[in-house]
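Subject: Structure handover

Hello,

Please find the structure for your files here. My notes come after it.

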Amino acid sequence: MSSETDAAVPDAPPRLFAPRRRLLFKGRNGLAASLASSAALVAVILAILFATSGGQSFRFYFFNPHFLWIALRGNPLKAVGSVLGGIVTNIWIFLLCEVLVLLFGLIIAWVRVTTTPLLVPFRLLATVYADIFRGIPFVLVIYIVGYGLPQLSLGALSNQSPAVYGCIALTLTYSAYVSEVYRAGLHSVPHGQILAARSLGLTQYATMRRVVLPQAVRTVIPPLLNDFISLQKDTALVSLIGVVETSRAAQIGQETYFNGSFLTMSALLFLAMTIPMTRFTDHLIDKDREKRLAGAQ
Amino acid sequence: MNDEVLKMSSVVKRFAQHEVLRDVSLTLHRHEVVCLIGASGSGKSTLLRCANLLETIDGGDIELFGQSLLDPRVDPDLVRRHMGTVFQSFNLFPHLSVLENIALGPVRALKRPADEVREEAMTLLARIGLQDRASEFPDRLSGGQQQRVAIVRSLAMRPSLLLLDEVTSALDPTLVGEVLDLLTDLAKSGTTMLIATHEMNFARDVSHQVAFLDNGVLIEKGPPDQVFERPRHDATRVFLGRVR
Amino acid sequence: MRHVRLMLAGILSASTFAVVSTTGAVAHAATNPSLATCKTLITSQEYAKGKLTVATDSPGYTPWFVNNKPSNGRGYESAVVYAIAAKLGVASSNVKWVVEPFDSSYVPGHKKFDFDINEISYTADRAKAVTFSVSYYDVNQSIVSLKTNPIVHHHTPAELKTYLYGDQIGTTGLSYIDKYIKPTRAPRVYSTLADAVLALQTKQIDAVVIDTPSGQYMATSQVVNAKQQAIGAQVGQFPTVGEHYGLLFQKGNPLVTCVNVAINSLTSSGQLKALQTKWLGIYNSVPTIKP
């Protein structure tokens, strides 16, 4: 026994220092390195934008202050709507649709997980629905809904404004994704929770409502927020069925003045809407991660 | 009215082709504590889950206060309100505070008024010395504290009997004692309990009857003295030899 | 001595005159080359040497093209292109067609064709970004609607303002609506003409404004019901506002000079008019209404 352990102890002290080139980037040197690489990246971007001839025409076309300003306020004389005014349309569409999506998605998810005999035929229907609307590109859905529903002459349903059809298309598509998110959330609740709740004598409904759903919803808030951000951007596609929302207003400006700064302004407005949400979502994810890693005792 | 609270007669349970419970008969009387012992996989947990209808049995019968639970008119939710169940992994609701965990059943299932339930819940918490933790969330409590809250949660429903499934097996050894103490207390105050456990000393001290399960078969049942000191079957002897 | 001076003056003035007139002639030839000169000149100006690369959108609509095949020489614009090619000495087999979507055609930038022909109207704004040839067609805008729509019988200037119009983005039809009709409700704007037609068919809009020949084709063939019956009606055409179609070139492309020569030649010889009568003659019967 002693000979084995003796052999494990080396004659000379083992080499414990990291190779020199790695040491170069530790500690304060590391900070310098990150500053240097950031500065280099910024320098490259600035060089492309300002020092090349292509950069100049790029800035003229996309970052032209004169046209950025016209984009904001519009020019009625030239029938160019304000990009800022256009985004009001996008905003009410996504606010309304998001509420509908959250509700409808939950219903679909419920139908897919429930075991109530009454709802069983609807389970198949719900699965088919989710497959279809997750499978067809949204641009096709909005065409089919926006031009198809009016053709069907279904009374009030065929007499709405294109913005309403846009909302219907968005709701149909996004509910399919959101129902999957809910379903994953419902499945992520440990089975023991359901056992405990049912063992107390809570009905299936009460178990879902008081125990499973509250836990599932907390888990799925980040992916739901991500879907919401996606929805906000997809409202731009409502322009395909005739609605002059912000991106279409930007295109009209571009067509009239041959300058792309209108598109830039529209993009900036979208960012103003979505960045707070993306930051908030990341914050929630980080907070949840901290809780999970620190929590269990 | 007779003394039998829970009567399981010739219960058979199959998972796929595998018979997990074979012809198990067990009766639990009022104020009686019965401990189920046996190796893992012997069917103890399954038996408990069949008792409160979380699993459906494939043969035999289960009666609660003389009424067959297999009657199609029976509502499992109502049945379960008479039986308190405590699990190995506690299964407290993480999104509710300790107090809310205890109050959920009585308020939502029994439809009792909330303030009344809360008061009672606080009393129950005081009984286990955790009244100061009432508004905290379960993840802030130790394992032993959580399990005691779980026990109290099922007591809040004022059940006729308690089903306890290896409630100390997931606990740190130092925390096992506080839970066993609570169970001993409950036994002394006459709570009817069916307890699946590995804690042989506890079983010996507390139970009126001990039942030994081996591979889904109830090998023997009797007073603790008899089963532990003078087991009648070889299988029992072998098992006890391994756990001592 | 006076004799010599006169002779010298004569020779001097003659040679000056010769120089001036030659340079003048050269300059004149540069801005106004003859067809003969053009035939050789263009080979250095073509996008793809030896070929005339012509762009248009897909689908190409009747009566400008037929069956969406510009190379078959049928349809007014297809015929005009081959007529121009013939004048410039380019064989029809050397005319190459490429696709360019309408609303990217007049955006500034490098073009991958010699010129684009796609019912593109000259506007001052567009001319800042691209170069136009002289007119090959003078345009009237017209209204297309459904036979069942009240606009067919009620289209006084005041009544015209009450309808809901729709049009393709970036078209002069759309700007005609905004500039001259000025309806009370903002017009709907679509990505393609097909979408606007579909909106008309599904009764989401009352009318589309489009040049008379295209409108004629739209009303009689494109706007159909489920039984494939034509349900469109060309309500009327507006008086001309000086709009005309030109061929579109990359800004500063020198090729435009020779092409203009070709077009002018076709106009003065009456060939252009003949082509218009052949392919666009029906528009003469459309009634004129006021905006």
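The model is predicted, so confidence comes first. Chain A has a mean pLDDT of 86, with 94% of its residues at 70 or more. Within chain A, the lowest confidence falls in helix H1 (residues 2-8), where the mean is 57, and the highest in H10(A), at 95. Where pLDDT is low, the coordinates of a prediction should not be read in detail.

Chain A is assigned two domains: domain 1 covers 20-51 and domain 2 covers 69-288. Between the C-alpha centres of these two domains of chain A there are 41 Å.

On to the contacts between chains. Between chains A and B, 19 residues of chain A are in contact with 20 residues of chain B. On the chain A side, helix H10 (191-199) and helix H11 (204-234) each supply at least two residues. The side of chain A that touches chain B divides by class into eight nonpolar, eight polar and three charged residues.

Chain C also touches chain A: 21 residues of chain C are in contact with 14 residues of chain A. Four elements of chain C each give at least two residues to the side that touches chain A, namely helix H5 (124-129), helix H7 (172-181), strand S7 (188-190) and helix H8 (193-201). That side of chain C has nine nonpolar, six polar and six charged residues.

Taken by itself, chain C has eleven helices and ten strands. It has 291 residues, of which 44% count as buried. Among contacts in chain C with a separation of 6 or more, 71% are between residues 24 or more positions apart.

Chain B holds an open sheet of four strands, in the order S2-S1-S4-S5, with antiparallel pairing. At its edges are strand S2 (18-29) and strand S5 (67-68) of chain B, each of which pairs on one side only. Strand S1 (residues 4-15) of chain B pairs with S2(B) over eight bridges, in the antiparallel sense.

Next, the largest nonpolar core. Its members number 204 residues, and those touching the most other members are B:Leu36, B:Ala51, B:Leu161, B:Leu194, C:Ile84, C:Ala207 and C:Val259. Helix H9 (residues 162-188) of chain A contributes the largest share of this core, 13 residues. Leaving aside neighbours within four places in sequence, C:Val259 is in contact with C:Ile84, C:Phe115, C:Ser133 and C:Leu247.

One further residue may be worth a look on screen. B:Val149 is found in helix H5 (residues 143-155) of chain B. Why does B:Val149 count as buried? Because 23 other C-beta atoms lie within 10 Å of B:Val149, and the cut-off for a buried residue is 20 or more. Apart from neighbours within four places in sequence, B:Val149 is in contact with B:Leu92, B:Val98, B:Asn101, B:Leu130 and B:Leu141. B:Cys50 is 99 residues from B:Val149 in sequence, and their C-alpha atoms are 24 Å apart in space.

Regards

How values were computed: Residues numbered from 1 in each chain as written. Chains lettered and ligands numbered in written order. Predicted model: local features only at pLDDT ≥ 70, side-chain atom pairs only at ≥ 80, totals over all residues. Contact = placed C-beta atoms within 7 Å. Nonpolar A, V, L, I, M, F, W, Y, C, P; charged D, E, K, R; others polar. Buried ≥ 20, exposed ≤ 12 C-beta atoms within 10 Å, placed from the backbone. Domains from an automatic or database assignment. pLDDT = per-residue confidence, 0-100. Pairing = 2+ DSSP bridges. Core = buried A, V, L, I, M, F, W, Y, C linked by C-beta atoms within 7 Å.
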